[in-house]
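Hello,

Here is the structure I said I would pass on. My notes on it follow below.

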Amino acid sequence: MNPEETDLISRCQQGDQEALKGIFEKYQKKVYRIAYGVVRQREEALDIVQEVFIKLFRSIKNFKGRSQFYTYLYRMTMNTAIDHARKTGKQSMSSLDQEGSFQPSDEAEKGPERILLHKELEERVKRAMGQLPAEQRAALVYREVEGLSYQEMAEAMGCSIGTVMSRLHYGRKRMQELLKDYVGLHGQSRSSSNFRKGEKEG
Amino acid sequence: MKDSCSSVSPLLEKYFDKEVTDKERLFVEGHLQDCPACRGNLTSMEKMRTLIKVPVEEASQKEDFPWLWQKIEREIRFQEKRTWWQSLRSWLDVSPLFRKKVWVPAVATLVVLLFITGQIIFKRAPSYPGASVVEYVESETNNVMIYDLEKAKVTVIWVFEEPEKESMGT
């Protein structure tokens, strides 16, 4: 933890809202990405971000500095996001027409068909993620979205590195099964043929 | 899939996540050169990562957060304003009384008990309307109660004998 962050945390623990704003500015995107990674829906992800920072303000006194602050915050975000996902159950009953579930970066460059394909694909990913146990989903979001190391993941998830690897492995395996049309069954059918095709073309 | 795949397989995900040692990395890369199946597996993991990550990245880039901070700030202020009422409510314990339905029969029982106890305590009071007890004296022989009738301006002295043979004198 750098001294600036330590100062922000210390001030926030004394109820300073400006310090909370400093923490918010530093971590807003990361918290949003984790939240979005779990619920994969814009409005819900924004609600989670709001809830997390309010919770943080209330509970930051409990942070004793034994772990990295960001792992503390990530854990809080993940728990809140998974709670939201459980409560709303939107993972399993999502709709293709749901506004804000996927936003192409530059719609002008993408034709309507491509946008539709993207939306459909994102819905498939969302449903697949929703079918994973919470721990596996958390592991995938930490690793694939935030790019945390195994050590950082173990700290954020409060488990051993071995458990992290196991959750990641089973999560990926299940996702490959659920999205075999897109990534190839067990990573061999379409993926390997694509690779070979690429070799020939290359 | 080659026989050597089984020895590489446990390292493949670690390699993909850049968690291998240099020695392990060289071993995996050597194997990948000759094994399309393991390369395919790696490509599949890469595609999976893209599917999970890219929509999140795109959504995140489009987001503007300052308004969200204002919302958070407002909510914190609102909750702070509410705190005194919440503490008062918890002090009065009104909310749990209604929330926990177990208290309803408990309170009802208490009210009934108080009513019965009141009846027992005040049963010696005269039932005559407009009468007020001035004094009640207990003795070994006869208990005596003196009370006034307001309207008639009469003092009544009630001497208790046996239950059947109560006599009254004025």
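Two residues are in contact here if their C-beta atoms, placed from the backbone, lie within 7 Å. By that rule, Tyr72(A) is in contact with Phe63(A) and Ser67(A), leaving aside its neighbours within four places in sequence.

This is a predicted model, in which local features need pLDDT of at least 70 and side-chain atom pairs count only at pLDDT 80 or more, while totals for chains, interfaces and linings use all residues. Residues are numbered from 1 along each chain as its sequence is written, and chains are lettered from A and ligands numbered from 1 in the order in which they are written.

Chain A overall

Chain A has 10 helices and 0 strands (helices are DSSP runs of H or I with at least four residues, strands are runs of E with at least two, and both are numbered from the N terminus). Of its 202 residues, 39% count as buried. A residue is buried if 20 or more other C-beta atoms lie within 10 Å of its own, exposed if 12 or fewer, and partly exposed in between. Among the contacts in chain A with a separation of 6 or more, 63% join residues 24 or more positions apart.

Tyr72(A) sits in helix 4 of chain A and counts as buried because it has 21 C-beta neighbours inside 10 Å. Its C-alpha atom is 8.5 Å from that of Glu155(A), 83 residues away along the chain.

The core and helix 2

The largest nonpolar core holds 63 residues, and Ile34(A) and Ala35(A) touch the most other members. Such a core is a set of buried Ala, Val, Leu, Ile, Met, Phe, Trp, Tyr and Cys residues joined through C-beta atoms within 7 Å. Helix 2 of chain A (residues 17-39) gives the largest share of this core, 11 residues. Beyond four places in sequence, Ile34(A) touches residues including Tyr74(A), Met78(A), Val141(A) and Glu146(A).

How do helix 2 and helix 4 of chain A pack? Helix 4 covers residues 69-88, and the two helices meet at an angle of about 35° with their axes 9 Å apart. Axes are lines fitted to C-alpha atoms, for helices over the stretch in contact, and angles run from 0 to 180 degrees between N-to-C directions. The residues of this contact divide into 12 nonpolar, 2 polar and no charged (Ala, Val, Leu, Ile, Met, Phe, Trp, Tyr, Cys and Pro count as nonpolar, Asp, Glu, Lys and Arg as charged, and the others, Gly among them, as polar).

The side facing chain B

In chain A, 44 residues are in contact with 33 residues of chain B.

Arg40(A) is not a glycine, yet has a positive phi of about 50°. Arg40(A) lies in the loop between helix 2 and helix 3 of chain A and is buried, with 28 other C-beta atoms within 10 Å. Lys18(B) also has a positive phi, near 55°, and lies in the loop between helix 1 and helix 2 of chain B. With 9 C-beta neighbours inside 10 Å, Lys18(B) counts as exposed.

Helix 6 of chain B has 19 residues, and the count of buried residues among them is 0.

Regards
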